[in-house]
Amino acid sequence: MTHQQIQDNEVIERYVRYQLTPAERQAFQEHYFACDECFDQVQMSARFIAGVREASRSGVLTAEHDERSARSSILPAIFYPNRIRNWAVPALAMCFLVASLLLGVWAMSVLRENQRLSRQASEQSRVAEELQRSEAKIRELEASGTASAEQLEALRKENERLKEEIATAAQQRETQVAQVRQSDSNVPVINIYPMGDTQRSGGGSDVNQLRLPRGAGKFVLILSDFQSGYHNYRLQFTSPAGRIVMQRPGLKADRNGEIRVLVTRTLFGAGEYRLKLYGQNNAIAEYVVQVE
Amino acid sequence: MPRPTTLADRELVSSVELGDKLAEAALYEKYSDRLYFLALSELHSPEEAEDVRAETFTRVLLALRDGKLRKPDSLSSFIVGIALNVIRESRRQRSGTEPLEDHESKLVGEASPERAFLDQEVSRSIEEVAKQLKPREREFLKMYYYDELPKREIARVLGVKEERLRLIKSRALQKFREIYRKLQTQTDTE
């Protein structure tokens, strides 16, 4: 058996597939015992055909398997440099760029917010110190008896102003902390309207209905349509039993003439609550809220 | 075609006849893999192939020491002849000693004798080859080697010429060879 005969008649493959006659089989065995090249080829063919049959059995040669395995190649990419498609590199680069940009914007906003909070904190401590000094001065003047009644009254008014300022800052801080702890999307915001403003409160009733979603730990009330013009406001919550359950001093109206109050849900069970808004100790609006 | 190993075979035979132990080792080195492959092809059992290799070498060395090989140029044919005799004896012994149930189960097992040539590198190489082939080329390999359909039928089903099938086959084998060699190199270096 010669090399040429082996090539022409596909002897190697037929040997591996047991398609040779016993005489041909032995002749080829004697050949590959003396021929390194044919021995190498017959070994490789035996492995190849065995692998193809096994792959056919296990489904590796089907199209579905190819799609699955393309996502988890078991060999390093050096075998398949063409696998990385032309569009993949710019697409990945673009994704990375956008992600970096978003990260940068987020970092900037956090930095600015930190700076703002830092400024607020220093302002609050300044006001607190000023208040302490003012109180000490009043005590000193009262003890010495050297100050006139007008001077003392002016100092007391100044004290009140500082206290209100501190209370306002505390309210703002509480609102900010609550906003940080709970995302805005989870905090219901409800507009309420005072008694006598039935046209806007809807349904021809003075009662503002509060339907809070389950799981809402806090909610924001927006008070509108009250007599504006005061520097600070105070809101008083009265329970259905007529008991004052909460007061919020130091509230400020925004540029739209509305007041926003963050309220903790757990303080309010179901029932009808009355909310009185005061400006300089004058009741200027009353809201009726039905919590469901 | 010239046989490059003829001269070496003649020298090996004469050295073994003179009791040269190094020549015996060289003889084993030269034909060991071939003998194992031949036995594995016939018996499909690594353990039995190992036994056949050992028994064949024992007989070959005894015969050479006794000067029973008259034509040293035909050493390879001589070894193949002895190996096939050992294989026949092994088959007879197997069928004579095995319980019927075991024998039947082995016959069922012999429906896929190629399993003897499977190892991790072969499976991984085939998987990688499959990824590089077109769906139609993969389908051809399955129809040809697994379903064992005739080429003419496959050509008709796939809508390609028969000559094209031969090209697909040789290309796939070539890819397999390259990947298998790389994997073997990796395994050897690990």
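Here are some notes on this two-chain model, point by point.

1. Ground rules. This is a predicted model, in which local features need pLDDT of at least 70, side-chain atom pairs count only at pLDDT 80 or more, and totals for chains, interfaces and linings use all residues. Residues are numbered from 1 along each chain as its sequence is written, while chains are lettered from A and ligands numbered from 1 in the order in which they are written.

2. Chain A overall. The secondary structure of chain A comes to 8 helices and 8 strands; helices (H or I, at least four residues) and strands (E, at least two) are DSSP runs, numbered from the N terminus. Of its 292 residues, 18% count as buried, a label for residues with 20 or more other C-beta atoms within 10 Å of their own; exposed is 12 or fewer, partly exposed is in between, and C-beta atoms are placed from the backbone. Looking at contacts in chain A between residues at least 6 apart in sequence, 66% join residues at least 24 apart. A contact here has the two C-beta atoms, placed from the backbone, within 7 Å.

3. The sheet in chain A. An open sheet of 5 strands runs in the order 2-8-7-4-5, with mixed pairing. Pairing of two strands takes at least two DSSP bridges between them. From one strand to the next, the twist averages 25°.

4. Around strand 4 of chain A. Strand 4 (residues 233–238) runs antiparallel to strand 7 (residues 271–279), and 6 bridges join them; A:Tyr233 stands opposite A:Gly279 in this pair. Strand 4 of chain A is also antiparallel to strand 5 of chain A, with 5 bridges, and there A:Phe237 faces A:Met246. Strands 4 and 5 of chain A form a hairpin with 5 residues between them, and A:Gly242 in the turn has a positive phi of about 85°.

5. As background, most residues other than glycine have a negative phi. A:Asn281 is an entry to check, with phi near 65°. A:Asn281 belongs to the loop between strand 7 and strand 8 (282–291) of chain A, and is exposed, with 6 other C-beta atoms within 10 Å. In chain B, B:His44 has phi near 60°. B:His44 is in the loop between helix 2 and helix 3 (46–65) of chain B and is partly exposed, with 18 other C-beta atoms within 10 Å. Just after helix 7 of chain B, B:Glu148 takes a positive phi of about 55°.

6. Helix 2 of chain B. B:Ser32 lies in this helix (residues 21–43) and counts as exposed because it has 12 C-beta neighbours inside 10 Å. B:Ser32 and B:Phe57 are 25 residues apart in sequence, with 8.5 Å between their C-alpha atoms.

7. Helix 7 of chain B. Helix 7 of chain B has 12 residues and reaches 16 Å from first C-alpha to last, close to the 16 Å expected at 1.5 Å a residue; the expected span is 1.5 Å times one less than the number of residues. Its buried residues include B:Arg138, B:Lys142 and B:Tyr145. What do the buried residues of helix 7 of chain B pack against? They pack against helix 4 (36–58) of chain A, together with helix 6, helix 8 (151–158) and helix 9 of chain B.

8. Helix 7 against helix 9, chain B. Helix 7 (residues 135–146) and helix 9 (residues 162–189) of chain B pack at about 90°, with axes 10 Å apart; axes are lines fitted to C-alpha atoms, for helices over the stretch in contact, and angles run from 0 to 180 degrees between N-to-C directions. The two helices are therefore roughly perpendicular (65 to 115 degrees; under 35 is roughly parallel, over 145 roughly antiparallel, the rest oblique). B:Glu137, B:Phe140 and B:Leu141 in helix 7 of chain B meet B:Leu165, B:Ile168 and B:Ala172 in helix 9 of chain B. By class, this contact has 5 nonpolar, no polar and 1 charged residues, where Ala, Val, Leu, Ile, Met, Phe, Trp, Tyr, Cys and Pro count as nonpolar, Asp, Glu, Lys and Arg as charged, and the others, Gly among them, as polar.

9. The interface. 37 residues of chain B are in contact with 32 residues of chain A. On the chain B side, helix 6 (120–132) is one of the helices that each supply at least two residues, and helix 6 of chain B gives the most, with 9 residues. By class, that side has 20 nonpolar, 6 polar and 11 charged residues.
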